[in-house]
Amino acid sequence: MKSSIHDTPCSCDCLVSMPPASAIPAVIFAKNSDRPRDEVQEVVFVPAGTHHPGSRLQCTYIEVEQVSKTHAVILSRPSWLWGAEMGANEHGVCIGNEAVWTKEPVGEGEALLGMDLLRLALERGSTAQEALHVITGLLERYGQGGSCREDPMPFCYHNTFLLADRTEAWVLETAGRLWAAQRIQGGARNISNQLSIGTDISAEHPELRSHAQAQGWWSGQGAFDFAQVFSLTQQPVRMEAAKARFRAGRELLQKWQGSITAEVMMDILRNKESGICMDSGGFRTTASMVSILPQDPTRPCVHFLTATPDPSRSVFKPFIFGVGATQAPQVLSPTFGAQDPVRTLPRFQTQVDRRHMLYRGQQVALGLMESEQQEQGQQLRQKQQDLEQEGLEAVRGLLAGERTPAYQELGGLFQAFVERESRAYTELST
């Protein structure tokens, strides 16, 4: 039996700010990935590539046609699957996705996961709008479907996406193969596990309205409100909770209107009172990301990733695409080849330990912070904060043009911060 939205919690929050809401001339993107509590999220760097004509690409469940050239990407992803929950490419495109349920039924069969679509869009799109077209084209051709968690009980949903680049952002919301998109060119916007595009539709599937009319969801008269027409009439409890988070996210963005920085976005992602920093039942925030996309193309885009759960007790570490960019081994999960439970049929009958080195170290640290050894826990949290502040200061100078480090140095930035955080945890356990 397929798991339903009534008994399975799932939530994420994506936010974006651009001038005049941003305090600096930049688009600022943020996401909390809320997933099953024990799921490990790894940070994966994939260099740009060229591919043979006609070659095939294995995604989580199905194969698709490969393209001749793919962009370099940095991905934060549940380590059992091919796609990603959030990420960025070398051209300054960022994408985050969210689970959503609509009147359009969720398919039983395996197709592309929303997370697969996200990675494919980053690898193939050099702007947010291009990435959006990649998703809608693949959606039309292959559809979306398949279980979105590592469990023998399938858990399926459709997806919404927030896409951003240096100049604009797009919200893309789907219902099966159908979709609507909204372009954002100023101010702030957030999405949280529900349809949010009303009548302000910038682009849509050519059959969106005719399908809604044929199903009796829309009369064909008056304004077409996508969220109103396609949202479930009876909203389950979890969707009501998502509404509260959506409102809280919007209010926090409004509160900081004109003053939004990367630090403000990090604070919003750490907000537990609103539920944006989630820890509820079997789910929690398993990884977080904040990106600064300067409007000045001579300035580098900077992507802060945690690679660990609970942003309130994690370090946002800066990644910049550069000559020396490589995979940081401490945030890469072990692989299991053909014996991986996701590869053997029937899927997910066994469990494997996917924890990477940084995850293991942070779990020891979390234990200390929650234990009676409060002084040691506080000292460790202070170390985390100091390390994060150092990364923010380095980036601030870089974006202000006060320092121009070599590309080799930029590419190694994330690796250096991962090593230092990992070392802090190792010292703790020795």
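User: What makes the contact of glutamate 150 with arginine 354 a salt bridge?

Analyst: A salt bridge is defined as a side-chain nitrogen of Lys or Arg within 4 Å of a carboxyl oxygen of Asp or Glu, and in glutamate 150 and arginine 354 the closest N and O atoms are 2.7 Å apart, so the pair meets the definition. This is a predicted model, in which local features need pLDDT of at least 70 and side-chain atom pairs count only at pLDDT 80 or more, while totals for chains, interfaces and linings use all residues. Residues are numbered from 1 along each chain as its sequence is written, and side-chain values use heavy atoms, with hydrogens and water left out.

User: Why is glutamate 150 called partly exposed, and why is arginine 354 called buried?

Analyst: Buried means under 20% relative accessible area, exposed means over 50%, and partly exposed lies in between (1.4 Å probe, protein chains only). Glutamate 150 has a relative accessible area of 24% and is therefore partly exposed, whereas arginine 354, with 5%, is buried. Salt bridges that share partners also join Glu150, Asp340 and Arg354 into one network.

User: What do arginine 77 and glutamate 42 tie together?

Analyst: The side chains of arginine 77 and glutamate 42 meet in a salt bridge at 2.9 Å, N to O. Arginine 77 lies in strand S8 (residues 73-78) and glutamate 42 in strand S3 (residues 41-46), so the pair ties together parts that are 35 residues apart in sequence; strands here are DSSP runs of E, at least two residues long, and helices are runs of H or I, at least four residues long, numbered from the N terminus. Both arginine 77 and glutamate 42 are buried.

User: Why is H6 called roughly antiparallel to H8?

Analyst: Helix H6 (residues 262-269) and helix H8 (residues 374-399) pack at an angle of about 150°, with their axes 11 Å apart. Angles over 145 degrees count as roughly antiparallel, under 35 as roughly parallel, 65 to 115 as roughly perpendicular and the rest as oblique, which makes H6 roughly antiparallel to H8. The axes are lines fitted to C-alpha atoms, for helices over the stretch in contact, and angles run from 0 to 180 degrees between N-to-C directions.

User: Which residues of H6 and H8 meet?

Analyst: Ala262, Glu263 and Met266 in H6 meet Glu388, Leu392 and Arg396 in H8, where contact means heavy atoms within 4.5 Å.
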